[in-house]
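The sequence and structure come first, followed by the commentary.

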Amino acid sequence: MKTIILKISLSLALGMSGVIISFCAVAGFYWPSLPAYAAGTRYVTPAGLDAGNTCADSASPCATIQHAVDVAEAGDVIKVASGTYTDVNNYGGFAQVVYISKTVTLRGGYTPAFTDPPDPEINLTTIDAQGLGRVLYITGDITSTIEGFQIAHGDATNINSENYDLVGEGGGLLIISATVTLRQNSITSNFAPNAGGGLFLIFANTSLINNEIISNTSFYGGGFHTYFGETSLKGNTIKNNRADAGGGGVLGGGSGATVEQNLFIDNQAGSVAGGLGIVGDKVHVTNNIIAGNQSNGSGAGLYIVGHSQLRHNTIVENYGGDGTGIDIGSSDTTVSNVVMINNIVANHTVALTVATGNTATLENTLWSGNATDQAGAGLIITHNDISGDPAFVDPLTGDYHLGPTSIAINRGVEAGVAVDIDNDLRDAWPDLGADENLNGTVNRPLPVTGGAVTLAPGVSLSVTSGVFNDTILLTYTPQSPPSPANFKNVGLAYQLSAIFQSNGQPAQPQPGQHYTIALTYQQSNVPPDIGESDLALYFWNGSRWLKESTSAVNPATNTITATASHFSRWAVLAPVVESPQQLFLPLVIKK
């Protein structure tokens, strides 16, 4: 057997001694010949039978996932019924429950009848190594999918690999040089003494979609560690993982990664990168919530080395060590240049630290509740800093959606991000952070020179120069239309307020000045018992609805305009038209 040894030094620039990982590429590895079977679908259930079974008949399934993989042809789908699979094998001389070196799809969540679609939440399908080895080992020039499993209790202690000289990586999964999609799995309670407690990826192109990566432990990359290859993380929950050194949730090295719509919650690191550690170039971090992570050193939320772009992230309440939420540093060979657009960075001792020689360029950042917003000897360039209350719905329970009074609403700039963390569409004035608020509240700035703004479809406001003596921030909040006695509405009601952007104090037009409001109503919303020409804009004076004296209606265009001198609660109303009363007298006929 011919063996080629390749030594590569991986310095993760984590403020500690470098990690040296030796890789051993082995040619000519012997794999036992297996009988040829027709490609298609294979079936597995704990009550099945392996001996002499091709696993091709759903009425006669196999008992172990490994046997189904062995007899499968490239391209087969292996359907696995609910139950717990614990059969650790020694394929390749390494301990794992499932060894995959061919293109297959492994799909859990089935009933014993194997009826589609599977439901992994109801039909829990667990691959459990019971601490006796890894759970899955995936290797080779293959394209495979693993979906719908609980991947639990893997332990990579003293276990290496045939392709590289790795010892102690990837407790739950070790993926080497393969293209793999991991979807809707729960990767939990795995351990690796060196790196990648949940999973370790090396020279692999891997997509992780809607997985839970929870309570895994390692020295580097408690949740998982990726080294080279292209990695995509979308919609995952990465929570309660621990790294004794760096990368409590995730530690990634390489280029071209995308990290979007994930939750990084309550992860811990002994030195740096409590939530997420990035060492690489062209990394895009978008629509993530990074909250409650801890580091005993720096970068409790994020630690970044390289060229990355952060858009629409909510980074809050990360703690420990020097109290830095985001730490941007460098290595011996890499100077960092990080671009941040439309992010919320809140409730840290130090929100952002940029080390000497590195650069961070920020646009439309909401800073809130930090003892110090910016620190470090590096270059920090900011545009349109915003301060105020993000008004999260319920941060104590982890709900970081924006409440209706959030200062983050409509304060962003176009950043090429079409949806938010929940796949809700972002509008032309996107909100800051990961969430796009959908309750209709709109914030719009108006300069002292005046101008016109659209507050909602069919609602616009214009101001001339001199109406205000400073730039204001308008807040428009739709309201439930009132129904005062003897009045009807057409479905238009709103609260309009403003503050001075410089000091946050309430703003009203200067004495003798006014603004113009224009509203468009729908003809279908006009009740039949009102006169359309009687429609007008009314305001609430604290005890009753009063008609705005300047209000004018144009029934031909379904528009109402008014020149108001104050901000208030408004509604479009009209008095009910009383039907003419008729008096009926008895008819008396004399004969």
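## Disulfide

The link of Cys55 and Cys62 is left-handed, with -95° about the S-S bond. The distance from S to S in this disulfide is 1.7 Å, and the structure holds one disulfide. Cys55 has 0% relative accessibility and therefore counts as buried, the limit being under 20%. Cys62 is likewise buried, at 0% relative accessibility.

## Confidence of the model

The model is predicted. Its average pLDDT is 89, and 91% of the residues score at least 70. Over residues 1-38, pLDDT stays under 50. For that stretch the model has 79 contacts beyond four places in sequence.

## Largest pocket

What volume does the largest pocket have? The value is about 310 Å³. Among the residues that line the largest pocket are Pro120, Glu121, Leu124 and Thr125. The lining also includes Gly148, Phe149 and Gln150, together with Gln184, Asn185 and Ser186. Asn210 and Glu212 belong to the lining of this pocket as well.

By residue class, the lining of the largest pocket divides into seven polar, three nonpolar and two charged residues.

The largest cavity holds about 170 Å³ of space. It is lined by 20 residues, of which Thr226, Gly252, Gly253, Ala257 and Val283 are the closest to its centre. The lining of the largest cavity comprises 10 nonpolar residues, nine polar residues and one charged residue.

Which strands each supply at least two residues of this lining? They are β20 (224-227), β21 (231-234), β24 (250-253) and β28 (276-279). The most is given by β28, with four residues.

## Two loop residues

Thr111 is placed in the loop between β7 (104-110) and β8 (125-128). Its relative accessible area is 29%, so Thr111 is partly exposed, a class that lies between 20% and 50%. Apart from neighbours within four places in sequence, Thr111 is in contact with Ala81 and Asn123. Thr111 and Gly83 are 28 residues apart in sequence, and their C-alpha atoms are 9.4 Å apart in space.

Gln261 is found in another loop, between β25 (258-260) and β26 (263-265). Is Gln261 buried or exposed? With a relative accessible area of 8%, Gln261 is buried. Not counting residues up to four places away in sequence, Gln261 touches Lys234, Gly235 and Asn236, as well as Thr286, Asn287 and Asn288. Gln261 also touches Val419, Asp420, Ile421 and Asn423.

## A strand residue

Val338 lies in strand β36, which covers residues 337-341. Val338 counts as buried because its relative accessibility is 0%. Which residues does Val338 touch, not counting those up to four places away in sequence? They are Ile304, Gly306, Ser308, Leu310, Ile328, Thr359, Ala360 and Thr361. Ile304 is 34 residues from Val338 along the chain, and 8.3 Å separates the C-alpha atoms of these two residues.

Technical notes:
Residues are numbered from 1 along each chain as its sequence is written. This is a predicted model: local features need pLDDT of at least 70, side-chain atom pairs count only at pLDDT 80 or more; totals for chains, interfaces and linings use all residues. Side-chain values use heavy atoms; hydrogens and water are left out. On a 1 Å grid over the protein atoms alone, a cavity is a set of points where a 1.4 Å probe fits but cannot get out, and a pocket is an open set with protein on both sides within 12 Å along at least five of seven lines; lining residues have an atom within 4 Å of a point. Grid points are joined across faces, edges and corners, and a volume is the space filled by probe spheres set on the points. Ala, Val, Leu, Ile, Met, Phe, Trp, Tyr, Cys and Pro count as nonpolar, Asp, Glu, Lys and Arg as charged, and the others, Gly among them, as polar. pLDDT is the predictor's confidence in each residue, from 0 to 100. Contact means heavy atoms within 4.5 Å. A disulfide is a pair of cysteine sulfur atoms within 2.5 Å. Buried means under 20% relative accessible area, exposed over 50%, partly exposed in between (1.4 Å probe, protein chains only).
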